[in-house]
Amino acid sequence: MPRKNKAARKAYEKEYREKYPDRVKASREKYQKNNKDKCTAATLDWRRRNREKFRVNQKNWEEANKAKRLRQDKSNRRNRKLRAIEYKGGKCVRCGYSDFAAALDFHHVVNGSKSFSISNSTYKSWDKIRPELDKCILLCSNCHRGLHAGNWKLISELEDRKDGKKG
Ligand SMILES: [Zn+2]
Ligand SMILES: [Zn+2]
C-alpha cells in the first residue's frame with residue numbers, strides 16, 4: 001500500500017473499496033463483530049458530531065422504507081381485523097351480512113365498558129383486543145347505523161345484563 005502521502009493513500013483505498021466491495025464489507029463486519037462497544041460508541045459519537053447529516057440520512061432511510069412500512073401496516077391491520085371478525089362469528093348478528101370486512105363494525109353492547117374502539121386499535125396485541133371483543137357484537141354498517149339511530153332495538157343476553165334483568 002503506498003503510504004507516501006495522504007492523498008495517494010486515500011485514492012488507493014478508494015480504488016480498493018470499489019474493486020473489492022465484498023472483501024471490504026466482510027472485513028468491516030468482522031471488525032464490528034469483534035469491537036461492538038467501540039463501534040457503538042463511535043456511531044453515537046459520529047451522530048453527535050454530525051447531527052444534521054444523521055437527520056438527513058435517517059430521513060432518507062425512512063423515506064425509502066415508508067412504502068414498505070405502509071404496506072406492512074395495512075396488511076397487519078387487515079389481518080387483525082379479519083381475525084377479530086372471525087372471532088365474532090364472521091357475520092352481522094342481525095342480518096347475516098358477511099361480504100366485506102370493511103363494512104363490518106364492532107358495536108359495544110355493554111354500556112360504559114368501552115376501553116377502546118376496536119377499529120382504531122388493530123395495532124394492539126390480540127391479548128388486549130380479545131377481552132374488548134367480548135364486550136362487542138358484530139354488525140354490518142347498515143344495521144349498526146340503524147341501531148344507533150334507534151331504528152331497531154337490540155335484545156340480547158348482554159343487553160339484558162346491562163339492564164340488570166339477568167344479573
Ligand atoms: Zn355501535
Ligand atoms: Zn346487518
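Ala-84 is buried, because 23 other C-beta atoms lie within 10 Å of its own; a residue counts as buried if 20 or more other C-beta atoms, placed from the backbone, lie within 10 Å of its own, as exposed if 12 or fewer do, and as partly exposed in between. This is a predicted model, in which local features need pLDDT of at least 70 and side-chain atom pairs count only at pLDDT 80 or more, while totals for chains, interfaces and linings use all residues. Residues are numbered from 1 along each chain as its sequence is written, and chains are lettered from A and ligands numbered from 1 in the order in which they are written.

**Ala-84 and its surroundings**
- Ala-84 belongs to helix 4, residues 51-87, where helices (H or I, at least four residues) and strands (E, at least two) are DSSP runs numbered from the N terminus.
- Leaving out residues up to four places away in sequence, Ala-84 touches Phe-106, Ile-118, Ile-129 and Leu-133, contact meaning C-beta atoms, placed from the backbone, within 7 Å.
- The C-alpha atoms of Ala-84 and Arg-130 are 7.8 Å apart, although 46 residues separate the two along the chain.

**The largest nonpolar core**
- The largest nonpolar core has 12 residues, among them Ala-84, Phe-106 and Cys-140; such a core is a set of buried Ala, Val, Leu, Ile, Met, Phe, Trp, Tyr and Cys residues joined through C-beta atoms within 7 Å.
- Strand 1 (104-108) and strand 2 (136-140) are the elements that give two or more residues to this core, and strand 2 gives the most, with 5 residues.

**The whole chain**
- The protein chain has 7 helices and 2 strands, in the order α-α-α-α-β-α-β-α-α.
- Of its 167 residues, 8% are buried.

Methods
Contact = placed C-beta atoms within 7 Å.
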